[in-house]
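Please examine the sequence and the structure shown here before reading the briefing.

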Amino acid sequence: MQRKLVGILGLAGILISFGAMSAKPVADDVPFPNGFRDWFAVNSMIVTKDSPIFGQIGGMHMIYVNAKGLPTLKKGGPLPYPDGTVFADDVHEFSVKDGSYVEGNKKAVTVMVKDAKKYSATGGWGFQVWAGGDVSKPLVPDAAHAVQACFTCHTPQKDQDYTFSTYIP
Ligand code: HEC
């Protein structure tokens with residue numbers, strides 16, 4: 001019986017209750033991307049209710065990359081990205097007013113950090129998501145959960161080092 005892939009919000013509920021059962025905070029060791037709003041803005045995407053992945057990653061996504069990964073992103077290679085590359089996805093709610101999609105509250109901040117050796121089980125990337133972008137609310141307790149919640153959906157992007165984003169001039 002296939003286990004249903006839980007979305008970021010579904011994941012939030014499930015993992016937060018995991019956290020509540022534990023005495024100490026549960027998280028893998030992926031650090032929060034402090035100051036990421038000052039990084040290079042890569043692209044944006046709005047996942048609406050019409051998308052089959054709305055339940056998992058619905059929202060307004062704004063992707064950032066740090067200086068370490070920027071040259072590789074801009075040139076489109078060589079892949080894989082160098083160790084120390086960090087991608088952050090700033091996920092916001094949105095509303096539609098008179099046909100315009102308007103940014104709302106922060107829903108989550110997700111991260112992929114490259115360390116080929118350390119995260120070899122998940123394509124060399126460490127995955128984490130913080131509910132509401134709150135540094136005290138990481139939702140992925142360990143690498144095993146990262147596989148189910150994140151890596152499975154990024155796996156088809158293997159040819160692009162498991163990332164979706166490309167440089168859009
Ligand atoms: C249902 C599929 C799906 C799941 C599940 C998913 N992602 Fe993604 N992710 C995407 C897509 C599609 C994009 C591209 C968004 C864009 O270009 O704006 C993306 C982009 C990203 C990016 C920006 C880098 C890139 O690949 O372009 C990060 C960081 C990221 N995801 C982290 C995560 C983390 C952490 C999790 C688990 C908590 C996760 N993702 C779960 C589909 C998914």
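The points below cover the nonpolar cores, the surroundings of the ligand and the salt bridges.

This is a predicted model, in which local features need pLDDT of at least 70 and side-chain atom pairs count only at pLDDT 80 or more, while totals for chains, interfaces and linings use all residues. Residues are numbered from 1 along each chain as its sequence is written, and side-chain values use heavy atoms, with hydrogens and water left out.

**Nonpolar cores**

- A nonpolar core is a set of buried Ala, Val, Leu, Ile, Met, Phe, Trp, Tyr and Cys residues joined through side-chain atoms within 4.5 Å; buried means under 20% relative accessible area, exposed over 50%, and partly exposed in between (1.4 Å probe, protein chains only).
- The largest such core contains 21 residues, and V42, V65, L73, F87, W125 and F127 have the most contacts inside it.
- At least two residues of this core come from each of β2 (59-65), α3 (70-75), β3 (86-97), β4 (100-114), β5 (125-131) and α4 (143-154); helices (H or I, at least four residues) and strands (E, at least two) are DSSP runs, numbered from the N terminus.
- Another core, of 13 residues, lies apart from the largest one and has F32, M60, Y64 and V109 among its members.

**Surroundings of the ligand**

- The ligand is surrounded by 21 residues, of which C150, C153, H154, F164 and S165 are the closest; a residue is counted here if one of its heavy atoms lies within 4 Å of the ligand.
- The largest share of this shell, four residues, is supplied by α4.
- A polar side-chain atom of H154 is 3.0 Å from a nitrogen atom of the ligand.
- A polar backbone atom of F164 is 2.8 Å from an oxygen atom of the ligand.
- An N or O atom in the side chain of N43 lies 3.2 Å from an oxygen atom of the ligand.

**Salt bridges**

- There are five salt bridges in the structure, each being a side-chain nitrogen of Lys or Arg within 4 Å of a carboxyl oxygen of Asp or Glu.
- In the salt bridge between D90 and K106, the closest N and O atoms are 2.6 Å apart.
- This pair links distant parts of the chain, with D90 in strand β3 and K106 in strand β4, 16 residues apart.
- D90 counts as buried at 1% relative accessibility, whereas K106 counts as partly exposed at 31%.
- A network of salt bridges links R37, D90 and K106.

Key:
A polar contact is a pair of N or O atoms within 3.5 Å; within protein, one must be able to donate a hydrogen and the other to accept it, and residues adjacent in sequence count only if both atoms are side-chain atoms.
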